[in-house]
Amino acid sequence: MRTAVAILLVATLLAMAPLNQVVAKDNGMYNSSGGCGCHGYNVVTAQLSGVPSEYTASTTYTLTVGMGTSPNTGGFNLEVNKGQLSNPDANSKINANARQATHDYSPGTTSWTFDWTAPSAGSGSVRFDLAVLSGNGNGGTSGDTYGTTTLTSNEAVSNVAPTASNVLIAPNAPSTMDDLTASYTFSDDDGDAESGTSVAWFRDGAPEIGQTSIILPSSATAKGESWHVEITPSDGADAGPTVASTPVVVLNTAPTVLSVSPSSVAPDTTEDVTFTVQSEDLDGDAVTSTESRWHLNGVRVESLDDATTLPSFATRPGDVWTVDVRVSDGTDLSSWLTSDSITVGSSNQAPTVSGVVLGDGVAPKTGDSILATWTESDPDGDAIQAVELVWSKDGVTVEAADDLNPLPASFTAKGEAWTVDVRAYDGALWSSWTSSAALSVANTAPVITDASLTSPSMTVVDDLILNVTSTDVDGDDLSILSVRWFLNDVEQGTAADQTTLPSVALTRDDVWHAVVRVSDGVDDDAYTTPAVTVLNAAPSVAIEWPTNTTALEALTPNIVTSDADGDDLTLVTTWYKNGFRDATLGNLTSVPAGKLAPEQSWRLVVMVGDASAWSEAVEATMTVTNIGPQAAVETLSNEVWIGEETRLTGTSSADVDGRIVMHRWSWDDQIAVGEQISMILTEPTDVTLTVTDEHGASSSTTTTLTPTAGPTVQNLVAVHDGEGKVRLTWSWSGEEVAHHVYRNGDMIGTTNETDFTDRPPMSGANTYAVQPVNDERTFQRGADDVSVLVDDVEIETPAPAAGLGYGLGGAMLLALLVLQFITMRAGGGRR
């Protein structure tokens, strides 16, 4: 059975010969994860379990290959493009690059297991290609099927912990005086910023609790200790591996010589000189040895190396010695330190200074210099060759003042306490310093440099002002302590301690002066001002015009004069009309009405004087107010009748200070000019009259005229009697009037009756009109006309007129004939 199955599997795999096709060899086959063309496809389902949808870098997963059927036997090929396959089961195997797996000789097996280790971080997605073969074991390809599948596993997005490198400690050979500073290189594959990195210091391998900063202070270390630092990097999410620096050992700190003090810096030739040394060691080490080097006038004397005493027999007067000293703590040596110079003298004794005194017993002020005095002596009788002075202010040395005597005032100020130290030199030795007692600088009184009395006018019109100029060398704030006022050298109680003497206290010819005292709060100074005399005050004048001055009354301004001294005043006036002086009004205070006219310009110039002075000229100008005209309308007609002439007049309009130059009438969009007008009205009408004077002022008034029906000629009848006469009759509804009678437009007569007889000169149609007339008007609408036909009129031939001849008679006859002809042609008459 095993042999038959093996033969069948071999035969099947041999049939799967093309590249990248599944060939069911009994010992497996690589590079066939895409299937083959020799077996039925997609009948069997390829199965791959254990592949994560998201993998974690470098993590190992167990994979299982299977299929969806249960064949007699089977095989597979799995390819993965990233990571490593490993740990196959007994029925599978892995190729050399660990990227493919296939079955091994395993008849009857349809499930295989092995491991896959995910690639490193940042590799991205991974593809798994699988092909499985389901065989029936008949030794051929018939009846066999294969299936494929592809799976993808994406890299899990996860934080990568940072790393630290190059962890160092500086300095690498520290002493106990050095701070230790850690440094390192921070790296993060994700590009994350450093956050939360921890620092730990270790002394001799043990952690030092509380030392967690980059810098370890020198106060925490000691000689001989071994220190290293451990850095644990962090990006705020994960901590990376801890990295330790190379240890450093704290080295010894050399000691320091602080001072070398000779037993004497001015020995004589009988004195040995020793020295004392003051040193320190930051490690607390004891001084194990001291070395010294003696120098004479700057040259080393080797025979005295490490000697602690300069023997007197080695010295001579005038020698200058120094000693250099260094010490050792057993490990390191300090630097050399040189002592002060040691000047060898003879048996000479130093001079002395005593009795140092500042000033002359009186406290100096700010502006005073300070003189120091003292007594100097020398036991040996040596002459004093030099003296040094050191000045101190409030206990602090003022180097700029060294050796000055006296001390200039420019150095001092009020309230400062000064001392001086003095010493003397006899050519070989200096005396000890001797100090004076402290001397305080006293206040300097202020100084009034000037004081004066001023006034804008120096008269009783203005206050008298005290002006004071003062200084204080101490820079103190100054104030006026007192002010005393003197009138004619007699002190007054007025304005005491005030810098202003009010004008009400002044009288012309008064003589005033003041005594003022200024204080700085401690001292004061007094000053007497020069005397001033109160002068005469010039008078003043003002002009006030009356309001709304017209030409109807005199122009009288209010002229206001005043004199602060109460003097009698003289007034001078000059009047100008329209810019020209009116000499007739000289020194008058008003202009008579007879000289005034509307719109005139009047200027008044006024001066006022007392016995000593005149005021400034004051002038004012005004214009005479024009009084406008008043319009008035009168109706001349007794009655206002419809269609009849109505007469109006404006003669009653008036202008009290001038004349009216225009009467302007307006009604119903009509305009007329003149004192009187006439009009014919048919309805109520507003009539406005505007009058204007010669200065352009105007006024208006409006009257309303309401016409009524007037009397008329009625029942006019014309009757021809057949013999050439025409009789007219009519009636009249009004008061008695005269009637004008017209024939064919020509007036032929006037009658006070209501009838009229006419003999027309020619036959034909004649038109007669009757027009009433009285003193007021000639009636228009009240007239009437009528026409009548006249037949067979006998025209009388007139006899020749005496003196005119037949020619004139013929001409008249011809004219009558022509008139008759024209009348007959035109027809009608007046209506």
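The model is predicted, so local features are reported only at pLDDT of at least 70 and side-chain atom pairs only at pLDDT 80 or more, while totals for chains, interfaces and linings use all residues. Residues are numbered from 1 along each chain as its sequence is written, and side-chain values use heavy atoms, with hydrogens and water left out.

**Stop one: strand E40**

Select residues 511–519, which form strand E40; strands here are DSSP runs of E with at least two residues, numbered from the N terminus. Of its 9 residues, 7 are buried, so E40 is largely enclosed by the rest of the structure, where buried means under 20% relative accessible area with a 1.4 Å probe, protein chains only.

Then bring in residues 524–528, strand E41, which runs antiparallel to E40 and is joined to it by 5 bridges, with Val515 facing Thr528 of E41 as its bridge partner. The hairpin of E40 and E41 has 4 residues between the strands, and in this hairpin Gly521 takes a positive phi near 95°.

**Stop two: an open sheet of 4 strands**

Move on to the open sheet whose strand order is E59-E58-E61-E62, with antiparallel pairing. Strand E59 (746–751) and strand E62 (784–790) stand at the edges with a single partner strand each, so one side of each is left without a neighbour in the sheet. The twist averages 25° from one strand to the next, with axes taken as lines fitted to C-alpha atoms and angles running from 0 to 180 degrees between N-to-C directions.

Within the sheet, select residues 738–743, strand E58, which is joined to E59 by 5 bridges in an antiparallel arrangement; here His739 stands opposite Thr751 in E59.

**Stop three: the largest pocket**

To find the largest pocket, select Glu639, Trp641, Glu735, Asn774 and Phe779, which lie nearest its centre among the 14 lining residues. On a 1 Å grid over the protein atoms alone, a pocket is an open set of points where a 1.4 Å probe fits, with protein on both sides within 12 Å along at least five of seven lines, and lining residues have an atom within 4 Å of a point. The volume of the largest pocket is about 220 Å³, volume being the space filled by probe spheres set on the points.

Definitions and conventions
Pairing = 2+ DSSP bridges. Buried < 20%, exposed > 50% of the residue type's maximum accessible area, 1.4 Å probe, protein only.
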